[in-house]
Number of protein chains: 2
Amino acid sequence: MAPELVRSVLERIGDKWSVIVICRLGPEPRRFNELRRLVDGITQRMLTATLRGLERDGLVTRSVFPTVPLRVEYALTDSGRTLLDVVQALVGWAGANAETVHVARTEFDRRAREQPQPVGAG
Amino acid sequence: MAPELVRSVLERIGDKWSVIVICRLGPEPRRFNELRRLVDGITQRMLTATLRGLERDGLVTRSVFPTVPLRVEYALTDSGRTLLDVVQALVGWAGANAETVHVARTEFDRRAREQPQPVGAG
DNA sequence: CAGTATCCTTAAGGATACTG
DNA sequence: CAGTATCCTTAAGGATACTG
């Protein structure tokens, strides 16, 4: 049902940071700057945007504690946790196959460099 | 080991078409135009680019049969098939949760429309 | 049939400065 | 601490015409 809906869900997960942020959220709630430190290379702007997107999709909750200084905690929802499972499988695959893929890429690029022409040259 | 390698593998899967193409390849080999018909909305250019990327990563093989007319078949490799499994889990999750996510989005957008200001207005 | 070559648009994301 | 506001760059992807 509704293949466009499925695609719109995949597009969220397919952005640059969502998968990593979901993994770093894991089981416990995390504060904003804590996440920022855990997700290597993310900017403040993109962390906010990513968290808002996940919150919008009902995958993450945002809890504000009006203390001084302000305290904001992010945590996975129930459906967020079910997504974490499949995302971990994906990251696990990437980890297990990173080396193989890297070798394949190097080989492919070497062949492309050696025979750029359709018909034998040289 | 090598978190950047893992990320580079995730980036391939995270583009617009790879997941869908991998699913459509499934167990049997497919011809180019056959795939083009199966993957709704993809352009010739993007199908070529996506298949090249998958071939480069060692996930897909490209077999040319020099008949007239030309015949080119694409098939998943062994590691491509292991990726298919986890990708199917992801697509399965998206399918199972599409409705829930859609509702969450609608609710989120409604609340954002009603209270755009940090402090109660109007 | 199975592509490649060109041109173009849009939007994702980075950098930086500022704030309740 | 946890953001928002602006500006800018790049690259992903679409449209279209052409080809071995």
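Me: What rotation superposes chain B on chain A?
Reply: First, the ground rules: this is a predicted model, where local features need pLDDT of at least 70, side-chain atom pairs count only at pLDDT 80 or more, and totals for chains, interfaces and linings use all residues. Residues are numbered from 1 along each chain as its sequence is written, chains are lettered from A and ligands numbered from 1 in the order written, and side-chain values use heavy atoms, with hydrogens and water left out. Superposing by least squares on C-alpha atoms of residues with pLDDT of at least 70 in both copies, you get an RMSD of 0.0 Å and 0.0 Å of shift along the axis, with a rotation of 180°. That is the relation of a two-fold axis.

Me: Which residue of chain B comes closest to the rotation axis?
Reply: Going by C-alpha, the distance is 2.3 Å. The residue is B:Gly14.

Me: How do helix 5 of chain A and helix 1 of chain B cross?
Reply: Helices here are DSSP runs (H or I, at least four residues), numbered from the N terminus. Their axes, lines fitted to C-alpha atoms over the stretch in contact with angles from 0 to 180 degrees between N-to-C directions, come within 8 Å and cross at roughly 95°. Since 65 to 115 degrees counts that way, helix 5 of chain A is roughly perpendicular to helix 1 of chain B.

Me: How many salt bridges are there between chain B and chain A?
Reply: A salt bridge is a side-chain nitrogen of Lys or Arg within 4 Å of a carboxyl oxygen of Asp or Glu. One of them joins B:Asp109 and A:Arg56 at 2.8 Å, N to O. The count is four.

Key. Helix = DSSP H or I, 4+ residues; strand = E, 2+ residues; numbered from the N terminus. Parallel < 35°, antiparallel > 145°, perpendicular 65-115°, else oblique.
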